[in-house]
Amino acid sequence: MTDELHALSATAALAAFRARRLSPVELLEALIARADETEPVVGALCHRSFEAALDQARAAERRYAGRGEPPRPLEGIPLAIKDDEPVAGQPWSQGSLVYRDVVADVTSAFAQRAIDAGAIVHARTATPEFAAAMFTHSRLHGVTRNPWNPDVSPGGSSGGAGAALASGVTVLASGSDVLGSIRVPAAANGVVGFKPPHGRVPVLAPWGLDSFAHCGPMARTVADCVLYQNVVAGPDPSDHASLRPKVTLPATPAPVRGLRVALSADLGDWPLDPDVRRNTLAVADVLREQGATVDEVDVRLSRAAVFRAVAIHLRDGFGAAVEAEVRAHPDDVTPYARDFVRWVRETAGTATSLDGLELQAAIHAALAGVLERYDALLCPTLATRGLAAGEDYVGRGIEVDGTTLGSHLEAALTPVFNVLSRCPVLAVPSGIADNGVPTGVQVVGRTFDDETVFRVGAALERPWRAPNFGSRHKCDAAAPHRDSDRPHGSASPRKETSNQ
(Lines give C-alpha, C1' and ligand atoms only; values in the text may rest on other atoms or scores of the structure.)
Protein backbone atom coordinates (compact mmCIF):
# COMPACT_ATOMS: atom_id res chain seq x y z
CA MET A 1 0.00 0.00 0.00
CA THR A 2 1.31 3.43 -0.95
CA ASP A 3 2.86 5.67 1.69
CA GLU A 4 0.83 8.56 0.28
CA LEU A 5 -2.60 7.44 1.43
CA HIS A 6 -3.87 11.00 1.09
CA ALA A 7 -3.54 10.66 -2.70
CA LEU A 8 -5.38 7.33 -2.90
CA SER A 9 -8.41 7.19 -5.19
CA ALA A 10 -11.79 6.01 -3.95
CA THR A 11 -11.76 3.01 -6.30
CA ALA A 12 -8.30 1.96 -5.10
CA ALA A 13 -9.27 2.49 -1.46
CA LEU A 14 -12.39 0.37 -1.82
CA ALA A 15 -10.39 -2.44 -3.42
CA ALA A 16 -7.87 -2.27 -0.57
CA PHE A 17 -10.65 -2.28 2.05
CA ARG A 18 -12.22 -5.38 0.51
CA ALA A 19 -8.86 -7.16 0.35
CA ARG A 20 -8.20 -6.23 4.00
CA ARG A 21 -4.96 -4.49 2.98
CA LEU A 22 -6.16 -1.14 4.31
CA SER A 23 -8.58 -0.05 7.00
CA PRO A 24 -10.99 2.88 6.65
CA VAL A 25 -9.53 4.07 9.96
CA GLU A 26 -6.01 4.14 8.53
CA LEU A 27 -7.16 6.09 5.50
CA LEU A 28 -9.05 8.66 7.54
CA GLU A 29 -6.17 9.08 9.97
CA ALA A 30 -3.87 9.77 6.99
CA LEU A 31 -6.24 12.47 5.73
CA ILE A 32 -6.43 14.05 9.18
CA ALA A 33 -2.63 14.11 9.36
CA ARG A 34 -2.51 15.63 5.89
CA ALA A 35 -5.00 18.32 6.96
CA ASP A 36 -2.74 19.24 9.89
CA GLU A 37 0.02 19.79 7.33
CA THR A 38 -1.83 21.56 4.53
CA GLU A 39 -4.75 23.42 6.06
CA PRO A 40 -2.68 26.25 7.60
CA VAL A 41 -1.93 27.22 3.98
CA VAL A 42 -4.92 26.05 1.99
CA GLY A 43 -7.92 26.55 4.27
CA ALA A 44 -10.20 24.24 2.31
CA LEU A 45 -12.13 22.86 5.31
CA CYS A 46 -14.44 25.24 7.15
CA HIS A 47 -15.94 22.70 9.57
CA ARG A 48 -14.46 19.41 10.79
CA SER A 49 -16.05 16.42 12.50
CA PHE A 50 -13.01 14.16 12.72
CA GLU A 51 -13.86 12.34 15.95
CA ALA A 52 -17.35 11.38 14.83
CA ALA A 53 -15.90 10.39 11.46
CA LEU A 54 -13.35 8.09 13.14
CA ASP A 55 -16.20 6.35 14.93
CA GLN A 56 -17.88 5.79 11.56
CA ALA A 57 -14.61 4.54 10.08
CA ARG A 58 -14.34 1.95 12.87
CA ALA A 59 -17.87 0.82 12.08
CA ALA A 60 -16.94 0.53 8.39
CA GLU A 61 -13.87 -1.48 9.37
CA ARG A 62 -16.13 -3.96 11.15
CA ARG A 63 -18.31 -4.33 8.05
CA TYR A 64 -15.27 -5.21 5.94
CA ALA A 65 -14.24 -7.73 8.59
CA GLY A 66 -17.58 -9.48 8.14
CA ARG A 67 -19.10 -8.27 11.38
CA GLY A 68 -22.52 -6.75 10.80
CA GLU A 69 -24.10 -5.66 7.53
CA PRO A 70 -22.09 -6.05 4.29
CA PRO A 71 -20.16 -3.02 2.99
CA ARG A 72 -22.08 -0.49 0.90
CA PRO A 73 -20.88 1.12 -2.38
CA LEU A 74 -18.95 3.98 -0.68
CA GLU A 75 -18.32 2.23 2.63
CA GLY A 76 -15.59 4.01 4.57
CA ILE A 77 -14.75 6.62 1.89
CA PRO A 78 -14.18 10.12 3.33
CA LEU A 79 -16.43 12.72 1.70
CA ALA A 80 -16.20 16.48 2.21
CA ILE A 81 -19.53 18.24 1.63
CA LYS A 82 -19.75 21.85 0.50
CA ASP A 83 -20.90 24.37 3.09
CA ASP A 84 -24.01 25.28 1.08
CA GLU A 85 -25.40 21.70 1.20
CA PRO A 86 -27.43 20.87 4.34
CA VAL A 87 -26.64 17.83 6.47
CA ALA A 88 -28.85 17.51 9.56
CA GLY A 89 -26.97 18.22 12.77
CA GLN A 90 -24.02 19.87 11.00
CA PRO A 91 -23.21 23.58 10.50
CA TRP A 92 -24.83 25.17 7.46
CA SER A 93 -23.18 28.57 7.36
CA GLN A 94 -23.05 29.06 3.56
CA GLY A 95 -19.83 31.04 3.96
CA SER A 96 -21.69 33.90 5.64
CA LEU A 97 -21.60 35.66 8.98
CA VAL A 98 -25.38 35.80 8.65
CA TYR A 99 -25.58 32.01 9.14
CA ARG A 100 -22.52 31.45 11.31
CA ASP A 101 -24.57 29.78 14.09
CA VAL A 102 -27.03 27.82 11.93
CA VAL A 103 -27.16 24.03 12.25
CA ALA A 104 -29.11 22.23 9.53
CA ASP A 105 -32.24 20.32 10.52
CA VAL A 106 -32.59 18.61 7.13
CA THR A 107 -30.31 16.62 4.84
CA SER A 108 -30.58 17.11 1.09
CA ALA A 109 -31.23 14.04 -1.05
CA PHE A 110 -27.88 14.64 -2.76
CA ALA A 111 -25.99 14.40 0.53
CA GLN A 112 -28.20 11.65 1.99
CA ARG A 113 -27.57 9.28 -0.90
CA ALA A 114 -23.81 9.40 -0.37
CA ILE A 115 -24.23 8.95 3.39
CA ASP A 116 -26.59 6.01 2.86
CA ALA A 117 -23.97 4.49 0.53
CA GLY A 118 -21.48 4.46 3.40
CA ALA A 119 -19.50 7.64 2.74
CA ILE A 120 -18.11 9.31 5.86
CA VAL A 121 -18.66 13.07 6.04
CA HIS A 122 -15.55 14.13 7.95
CA ALA A 123 -15.54 17.82 6.92
CA ARG A 124 -17.35 20.64 5.18
CA THR A 125 -15.65 22.67 2.46
CA ALA A 126 -15.38 26.42 2.18
CA THR A 127 -17.45 28.43 -0.25
CA PRO A 128 -17.68 32.16 -0.99
CA GLU A 129 -20.57 33.85 0.74
CA PHE A 130 -23.87 32.48 -0.67
CA ALA A 131 -21.78 30.78 -3.41
CA ALA A 132 -21.85 34.13 -5.22
CA ALA A 133 -18.32 34.24 -6.69
CA MET A 134 -15.84 32.26 -8.77
CA PHE A 135 -13.21 32.57 -6.05
CA THR A 136 -13.37 31.31 -2.47
CA HIS A 137 -12.93 33.49 0.59
CA SER A 138 -15.33 34.94 3.13
CA ARG A 139 -15.46 37.08 6.24
CA LEU A 140 -16.49 33.97 8.16
CA HIS A 141 -13.88 31.44 7.03
CA GLY A 142 -11.05 33.54 5.62
CA VAL A 143 -9.14 32.88 2.39
CA THR A 144 -9.00 29.49 0.69
CA ARG A 145 -5.87 29.07 -1.44
CA ASN A 146 -4.88 26.94 -4.38
CA PRO A 147 -2.68 24.00 -3.27
CA TRP A 148 -0.55 24.32 -6.41
CA ASN A 149 0.17 28.02 -5.88
CA PRO A 150 -1.13 29.71 -2.69
CA ASP A 151 -1.12 33.15 -4.31
CA VAL A 152 -3.94 31.95 -6.57
CA SER A 153 -7.56 31.18 -5.71
CA PRO A 154 -8.85 27.61 -6.07
CA GLY A 155 -11.83 29.02 -7.95
CA GLY A 156 -15.41 29.02 -6.81
CA SER A 157 -17.88 28.52 -5.64
CA SER A 158 -16.90 24.91 -4.86
CA GLY A 159 -13.36 26.14 -4.32
CA GLY A 160 -12.95 24.48 -0.94
CA ALA A 161 -14.01 21.19 -2.53
CA GLY A 162 -11.46 21.45 -5.32
CA ALA A 163 -8.69 22.53 -2.96
CA ALA A 164 -9.52 19.73 -0.50
CA LEU A 165 -9.20 17.13 -3.24
CA ALA A 166 -5.98 18.57 -4.62
CA SER A 167 -4.31 18.94 -1.22
CA GLY A 168 -5.27 15.41 -0.21
CA VAL A 169 -7.57 16.03 2.74
CA THR A 170 -10.57 14.21 1.26
CA VAL A 171 -11.19 11.43 -1.25
CA LEU A 172 -14.48 12.70 -2.67
CA ALA A 173 -16.13 16.13 -2.51
CA SER A 174 -19.59 17.46 -3.31
CA GLY A 175 -20.17 20.42 -5.57
CA SER A 176 -22.98 22.65 -6.78
CA ASP A 177 -23.06 24.59 -10.03
CA VAL A 178 -25.16 27.56 -11.19
CA LEU A 179 -22.56 29.32 -13.37
CA GLY A 180 -19.68 26.83 -13.30
CA SER A 181 -19.09 26.32 -9.61
CA ILE A 182 -18.13 22.64 -10.04
CA ARG A 183 -16.16 23.03 -13.26
CA VAL A 184 -14.13 26.16 -12.47
CA PRO A 185 -12.61 24.70 -9.26
CA ALA A 186 -12.02 21.39 -11.04
CA ALA A 187 -9.93 23.23 -13.63
CA ALA A 188 -8.09 25.44 -11.15
CA ASN A 189 -7.11 22.51 -8.93
CA GLY A 190 -6.36 19.85 -11.53
CA VAL A 191 -9.23 17.56 -10.50
CA VAL A 192 -12.40 16.18 -12.10
CA GLY A 193 -15.90 17.60 -11.77
CA PHE A 194 -19.21 16.68 -13.38
CA LYS A 195 -22.13 18.99 -14.05
CA PRO A 196 -24.90 16.47 -14.70
CA PRO A 197 -27.72 17.38 -17.07
CA HIS A 198 -30.45 19.22 -15.20
CA GLY A 199 -32.60 16.76 -13.27
CA ARG A 200 -30.14 13.87 -13.24
CA VAL A 201 -29.21 14.52 -9.58
CA PRO A 202 -31.87 15.89 -7.20
CA VAL A 203 -31.37 19.44 -5.96
CA LEU A 204 -32.80 20.85 -2.74
CA ALA A 205 -36.05 22.80 -3.19
CA PRO A 206 -36.74 25.30 -4.56
CA TRP A 207 -33.52 25.25 -6.57
CA GLY A 208 -34.30 21.99 -8.32
CA LEU A 209 -36.87 23.98 -10.30
CA ASP A 210 -34.14 26.38 -11.50
CA SER A 211 -32.77 24.93 -14.74
CA PHE A 212 -29.36 26.56 -14.11
CA ALA A 213 -28.90 24.74 -10.77
CA HIS A 214 -27.03 21.44 -10.54
CA CYS A 215 -25.44 19.29 -7.84
CA GLY A 216 -22.68 16.90 -8.81
CA PRO A 217 -19.57 14.96 -7.90
CA MET A 218 -15.97 16.12 -7.66
CA ALA A 219 -13.05 13.70 -7.44
CA ARG A 220 -9.43 13.24 -8.44
CA THR A 221 -10.09 10.61 -11.13
CA VAL A 222 -12.73 9.98 -13.75
CA ALA A 223 -13.43 6.53 -12.27
CA ASP A 224 -14.10 8.07 -8.85
CA CYS A 225 -16.43 10.61 -10.44
CA VAL A 226 -18.36 7.75 -12.09
CA LEU A 227 -18.54 5.91 -8.76
CA TYR A 228 -19.92 8.95 -6.92
CA GLN A 229 -22.29 9.93 -9.74
CA ASN A 230 -23.83 6.45 -9.83
CA VAL A 231 -24.63 6.76 -6.12
CA VAL A 232 -26.31 10.17 -6.27
CA ALA A 233 -28.17 9.99 -9.61
CA GLY A 234 -31.85 9.17 -9.98
CA PRO A 235 -35.31 10.56 -9.25
CA ASP A 236 -36.34 11.72 -5.79
CA PRO A 237 -39.74 12.97 -4.59
CA SER A 238 -38.10 16.05 -3.08
CA ASP A 239 -37.26 17.37 -6.58
CA HIS A 240 -40.06 17.53 -9.15
CA ALA A 241 -37.50 18.05 -11.94
CA SER A 242 -35.51 14.90 -11.14
CA LEU A 243 -35.46 12.45 -14.02
CA ARG A 244 -36.77 8.94 -14.43
CA PRO A 245 -35.38 6.39 -14.88
CA LYS A 246 -32.04 6.48 -13.10
CA VAL A 247 -29.05 6.35 -15.47
CA THR A 248 -26.11 4.21 -14.34
CA LEU A 249 -22.76 4.84 -15.97
CA PRO A 250 -20.41 1.96 -16.83
CA ALA A 251 -17.51 1.69 -14.37
CA THR A 252 -15.08 1.43 -17.30
CA PRO A 253 -15.91 3.88 -20.11
CA ALA A 254 -15.57 2.63 -23.68
CA PRO A 255 -12.64 3.85 -25.83
CA VAL A 256 -13.03 7.01 -27.89
CA ARG A 257 -12.02 5.43 -31.21
CA GLY A 258 -14.60 6.41 -33.80
CA LEU A 259 -16.06 9.34 -31.84
CA ARG A 260 -16.39 12.72 -33.54
CA VAL A 261 -15.40 15.60 -31.28
CA ALA A 262 -15.78 19.30 -32.03
CA LEU A 263 -13.13 21.69 -30.70
CA SER A 264 -13.66 25.37 -29.96
CA ALA A 265 -10.79 27.05 -28.14
CA ASP A 266 -12.73 30.21 -27.31
CA LEU A 267 -16.44 29.63 -28.12
CA GLY A 268 -16.04 32.57 -30.48
CA ASP A 269 -15.69 35.47 -28.07
CA TRP A 270 -13.58 34.66 -25.01
CA PRO A 271 -10.01 35.96 -24.75
CA LEU A 272 -7.71 33.17 -23.53
CA ASP A 273 -4.46 33.11 -21.67
CA PRO A 274 -1.91 31.59 -24.10
CA ASP A 275 -1.26 28.68 -21.71
CA VAL A 276 -4.97 27.84 -21.64
CA ARG A 277 -5.16 27.91 -25.43
CA ARG A 278 -2.03 25.79 -25.86
CA ASN A 279 -3.18 23.15 -23.36
CA THR A 280 -6.64 22.98 -24.92
CA LEU A 281 -5.23 22.37 -28.39
CA ALA A 282 -2.82 19.77 -27.02
CA VAL A 283 -5.68 17.86 -25.40
CA ALA A 284 -7.32 17.53 -28.80
CA ASP A 285 -4.21 15.76 -30.07
CA VAL A 286 -4.48 13.19 -27.27
CA LEU A 287 -7.94 12.27 -28.55
CA ARG A 288 -6.70 12.06 -32.12
CA GLU A 289 -3.93 9.71 -31.02
CA GLN A 290 -6.60 7.41 -29.57
CA GLY A 291 -8.65 7.26 -32.74
CA ALA A 292 -11.18 10.04 -32.28
CA THR A 293 -11.82 12.58 -35.02
CA VAL A 294 -11.36 16.10 -33.66
CA ASP A 295 -12.32 19.08 -35.83
CA GLU A 296 -12.02 22.72 -34.93
CA VAL A 297 -15.41 24.41 -35.33
CA ASP A 298 -16.19 28.10 -35.52
CA VAL A 299 -18.72 28.71 -32.76
CA ARG A 300 -19.97 32.28 -32.94
CA LEU A 301 -21.28 33.12 -29.51
CA SER A 302 -21.42 36.65 -28.15
CA ARG A 303 -19.92 36.80 -24.66
CA ALA A 304 -22.00 39.89 -23.86
CA ALA A 305 -25.20 38.12 -24.97
CA VAL A 306 -24.39 35.05 -22.89
CA PHE A 307 -23.84 37.03 -19.71
CA ARG A 308 -26.91 39.20 -20.33
CA ALA A 309 -28.99 36.03 -20.67
CA VAL A 310 -27.43 34.71 -17.47
CA ALA A 311 -28.08 37.93 -15.56
CA ILE A 312 -31.73 38.08 -16.67
CA HIS A 313 -32.21 34.49 -15.52
CA LEU A 314 -30.48 35.12 -12.17
CA ARG A 315 -32.30 38.38 -11.45
CA ASP A 316 -35.53 36.78 -10.26
CA GLY A 317 -34.02 33.61 -8.77
CA PHE A 318 -30.56 33.08 -7.33
CA GLY A 319 -29.69 36.76 -7.70
CA ALA A 320 -32.88 37.76 -5.90
CA ALA A 321 -32.01 35.42 -3.02
CA VAL A 322 -28.58 37.03 -2.61
CA GLU A 323 -30.12 40.50 -2.91
CA ALA A 324 -32.55 39.71 -0.12
CA GLU A 325 -29.66 38.76 2.18
CA VAL A 326 -27.73 41.91 1.26
CA ARG A 327 -30.74 44.09 2.04
CA ALA A 328 -31.52 42.33 5.31
CA HIS A 329 -27.92 42.19 6.61
CA PRO A 330 -26.02 45.12 5.07
CA ASP A 331 -23.34 45.17 7.78
CA ASP A 332 -22.58 41.45 7.71
CA VAL A 333 -22.28 40.61 4.02
CA THR A 334 -19.14 40.76 1.90
CA PRO A 335 -18.41 43.48 -0.66
CA TYR A 336 -18.41 40.87 -3.42
CA ALA A 337 -21.92 39.67 -2.50
CA ARG A 338 -23.15 43.25 -2.82
CA ASP A 339 -21.25 43.60 -6.09
CA PHE A 340 -22.81 40.39 -7.43
CA VAL A 341 -26.26 41.89 -6.86
CA ARG A 342 -25.17 45.08 -8.62
CA TRP A 343 -23.75 43.11 -11.58
CA VAL A 344 -26.93 41.10 -12.00
CA ARG A 345 -29.15 44.19 -11.91
CA GLU A 346 -27.00 46.30 -14.22
CA THR A 347 -26.33 43.53 -16.72
CA ALA A 348 -29.98 42.47 -16.90
CA GLY A 349 -31.14 46.08 -17.15
CA THR A 350 -34.79 46.47 -18.08
CA ALA A 351 -34.94 43.22 -20.05
CA THR A 352 -37.95 41.01 -19.58
CA SER A 353 -37.96 37.28 -18.92
CA LEU A 354 -39.02 36.83 -22.53
CA ASP A 355 -35.94 38.75 -23.64
CA GLY A 356 -33.87 36.33 -21.57
CA LEU A 357 -35.51 33.29 -23.11
CA GLU A 358 -34.87 34.64 -26.60
CA LEU A 359 -31.19 35.14 -25.75
CA GLN A 360 -31.01 31.61 -24.35
CA ALA A 361 -32.62 30.27 -27.52
CA ALA A 362 -29.99 32.07 -29.63
CA ILE A 363 -27.20 30.48 -27.56
CA HIS A 364 -28.76 27.08 -28.13
CA ALA A 365 -29.05 27.76 -31.86
CA ALA A 366 -25.34 28.60 -32.06
CA LEU A 367 -24.41 25.17 -30.69
CA ALA A 368 -27.30 22.92 -31.76
CA GLY A 369 -25.79 22.11 -35.14
CA VAL A 370 -22.38 21.34 -33.64
CA LEU A 371 -23.85 18.89 -31.12
CA GLU A 372 -25.95 17.31 -33.86
CA ARG A 373 -22.93 16.65 -36.09
CA TYR A 374 -20.52 15.72 -33.29
CA ASP A 375 -20.67 13.37 -30.32
CA ALA A 376 -19.13 15.95 -27.97
CA LEU A 377 -17.71 19.47 -27.84
CA LEU A 378 -14.35 20.33 -26.27
CA CYS A 379 -13.59 23.82 -24.95
CA PRO A 380 -11.67 25.46 -22.09
CA THR A 381 -13.20 25.77 -18.65
CA LEU A 382 -11.58 29.00 -17.50
CA ALA A 383 -9.96 31.61 -19.75
CA THR A 384 -7.35 32.69 -17.22
CA ARG A 385 -4.53 30.98 -15.33
CA GLY A 386 -6.35 31.84 -12.13
CA LEU A 387 -7.78 34.60 -9.97
CA ALA A 388 -5.77 36.15 -7.14
CA ALA A 389 -6.38 34.58 -3.73
CA GLY A 390 -8.25 36.93 -1.39
CA GLU A 391 -9.09 39.49 -4.09
CA ASP A 392 -12.73 40.64 -4.20
CA TYR A 393 -12.61 41.98 -7.79
CA VAL A 394 -15.00 44.74 -6.74
CA GLY A 395 -14.71 47.90 -8.78
CA ARG A 396 -12.36 46.38 -11.30
CA GLY A 397 -12.48 43.71 -13.95
CA ILE A 398 -9.90 41.14 -14.88
CA GLU A 399 -7.44 41.26 -17.76
CA VAL A 400 -7.05 38.17 -19.93
CA ASP A 401 -4.55 38.22 -22.80
CA GLY A 402 -4.76 42.00 -23.11
CA THR A 403 -8.55 42.22 -22.88
CA THR A 404 -10.17 43.70 -19.77
CA LEU A 405 -13.35 41.87 -18.79
CA GLY A 406 -16.00 43.81 -16.89
CA SER A 407 -16.44 41.12 -14.22
CA HIS A 408 -14.36 38.20 -12.99
CA LEU A 409 -17.38 36.04 -13.85
CA GLU A 410 -16.70 36.65 -17.54
CA ALA A 411 -13.39 34.75 -17.29
CA ALA A 412 -15.38 31.50 -17.20
CA LEU A 413 -16.66 29.71 -20.29
CA THR A 414 -18.89 27.58 -18.09
CA PRO A 415 -22.16 29.62 -17.93
CA VAL A 416 -22.89 28.75 -21.55
CA PHE A 417 -23.69 25.23 -20.38
CA ASN A 418 -25.89 26.33 -17.52
CA VAL A 419 -27.96 27.96 -20.22
CA LEU A 420 -27.73 24.64 -22.11
CA SER A 421 -28.51 22.89 -18.86
CA ARG A 422 -29.57 19.55 -20.33
CA CYS A 423 -26.07 19.00 -21.68
CA PRO A 424 -23.82 16.93 -19.39
CA VAL A 425 -20.39 18.51 -18.89
CA LEU A 426 -17.30 16.78 -17.50
CA ALA A 427 -14.42 19.05 -16.46
CA VAL A 428 -10.98 17.43 -16.65
CA PRO A 429 -7.39 18.73 -16.43
CA SER A 430 -5.67 19.86 -19.62
CA GLY A 431 -2.18 20.74 -18.37
CA ILE A 432 -0.36 23.35 -16.35
CA ALA A 433 0.22 27.07 -16.74
CA ASP A 434 3.57 28.76 -16.16
CA ASN A 435 2.44 29.94 -12.70
CA GLY A 436 2.10 26.32 -11.56
CA VAL A 437 -1.71 26.37 -11.67
CA PRO A 438 -3.59 23.63 -13.55
CA THR A 439 -5.78 24.41 -16.53
CA GLY A 440 -8.80 22.44 -17.66
CA VAL A 441 -11.23 21.66 -20.44
CA GLN A 442 -14.95 20.99 -20.55
CA VAL A 443 -16.24 17.92 -22.36
CA VAL A 444 -19.78 18.83 -23.38
CA GLY A 445 -22.20 16.11 -24.44
CA ARG A 446 -25.43 16.04 -26.34
CA THR A 447 -28.50 16.47 -24.17
CA PHE A 448 -28.67 13.73 -21.52
CA ASP A 449 -25.81 11.73 -23.09
CA ASP A 450 -23.75 11.35 -19.91
CA GLU A 451 -21.85 8.26 -21.01
CA THR A 452 -20.03 9.91 -23.92
CA VAL A 453 -18.49 12.71 -21.87
CA PHE A 454 -17.01 10.13 -19.51
CA ARG A 455 -15.59 8.22 -22.48
CA VAL A 456 -13.79 11.37 -23.61
CA GLY A 457 -12.74 12.31 -20.08
CA ALA A 458 -11.25 8.87 -19.43
CA ALA A 459 -9.24 9.12 -22.64
CA LEU A 460 -7.71 12.39 -21.47
CA GLU A 461 -6.80 11.19 -18.00
CA ARG A 462 -3.17 11.13 -16.83
CA PRO A 463 -1.76 9.80 -13.52
CA TRP A 464 -2.62 12.19 -10.70
CA ARG A 465 -0.35 13.32 -7.90
CA ALA A 466 -0.86 15.73 -5.04
CA PRO A 467 1.18 18.90 -4.39
CA ASN A 468 4.17 18.57 -2.08
CA PHE A 469 4.35 20.63 1.07
CA GLY A 470 7.64 21.73 2.61
CA SER A 471 8.60 21.90 6.25
CA ARG A 472 7.24 25.43 6.52
CA HIS A 473 3.92 24.46 4.95
CA LYS A 474 4.56 26.27 1.69
CA CYS A 475 2.91 24.87 -1.39
CA ASP A 476 5.03 23.37 -4.13
CA ALA A 477 3.86 24.96 -7.35
CA ALA A 478 4.86 21.91 -9.36
CA ALA A 479 2.60 20.85 -12.20
CA PRO A 480 0.13 18.01 -11.72
CA HIS A 481 1.75 16.46 -14.77
CA ARG A 482 5.44 16.56 -15.75
CA ASP A 483 6.26 18.44 -18.93
CA SER A 484 6.96 15.08 -20.54
CA ASP A 485 3.42 13.99 -19.64
CA ARG A 486 1.78 16.91 -21.38
CA PRO A 487 -0.18 16.05 -24.49
CA HIS A 488 1.56 17.12 -27.67
CA GLY A 489 0.60 16.94 -31.32
CA SER A 490 0.83 18.83 -34.55
CA ALA A 491 -2.17 17.65 -36.53
CA SER A 492 -4.01 20.50 -38.22
CA PRO A 493 -7.69 20.57 -37.31
CA ARG A 494 -10.33 21.12 -39.95
CA LYS A 495 -12.68 24.03 -39.32
CA GLU A 496 -16.43 24.24 -39.67
CA THR A 497 -18.68 27.21 -39.05
CA SER A 498 -21.64 27.49 -36.69
CA ASN A 499 -23.50 30.80 -36.76
CA GLN A 500 -25.50 32.25 -33.91
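The dialogue below treats cysteines, aromatic rings and helix packing in turn.

Mentor: Please note that this is a predicted model, in which local features need pLDDT of at least 70, side-chain atom pairs count only at pLDDT 80 or more, and totals for chains, interfaces and linings use all residues. Residues are numbered from 1 along each chain as its sequence is written, and side-chain values use heavy atoms, with hydrogens and water left out.

Trainee: How many disulfides does a search of the whole structure find?

Mentor: A disulfide is a covalent bond between the sulfur atoms of two cysteines. The criterion here is a pair of cysteine sulfur atoms within 2.5 Å, and the search of the whole structure finds zero.

Trainee: Are Cys-225 and Cys-423 buried or exposed?

Mentor: Buried means under 20% relative accessible area, exposed over 50%, and partly exposed in between (1.4 Å probe, protein chains only). Cys-225 is buried at 0%, and Cys-423 is buried at 4%.

Trainee: How many aromatic pairs are there?

Mentor: A pair of aromatic rings is described by the distance of the centres and the angle of the planes. Rings of Phe, Tyr and Trp (its six-membered ring) pair if their centres lie within 6.5 Å; planes under 30 degrees apart count as stacked, over 60 as edge-to-face and the rest as tilted. The count comes to ten aromatic pairs. In one of them, the rings of Phe-17 and Tyr-64 have centres 5.3 Å apart and planes at 55 degrees, so this pair is tilted. Both Phe-17 and Tyr-64 are buried. Phe-135 and Tyr-336 form an edge-to-face pair, with 5.1 Å from centre to centre and 90 degrees between the planes. Phe-135 is buried at a relative accessible area of 1%, and Tyr-336 is buried at 4%.

Trainee: At what angle do the axes of helix H8 and helix H14 cross?

Mentor: Helices (H or I, at least four residues) and strands (E, at least two) are DSSP runs, numbered from the N terminus. Axes are lines fitted to C-alpha atoms, for helices over the stretch in contact, and angles run from 0 to 180 degrees between N-to-C directions. The axes of H8 (residues 274–289) and H14 (residues 450–460) come within 9 Å and cross at roughly 100 degrees.
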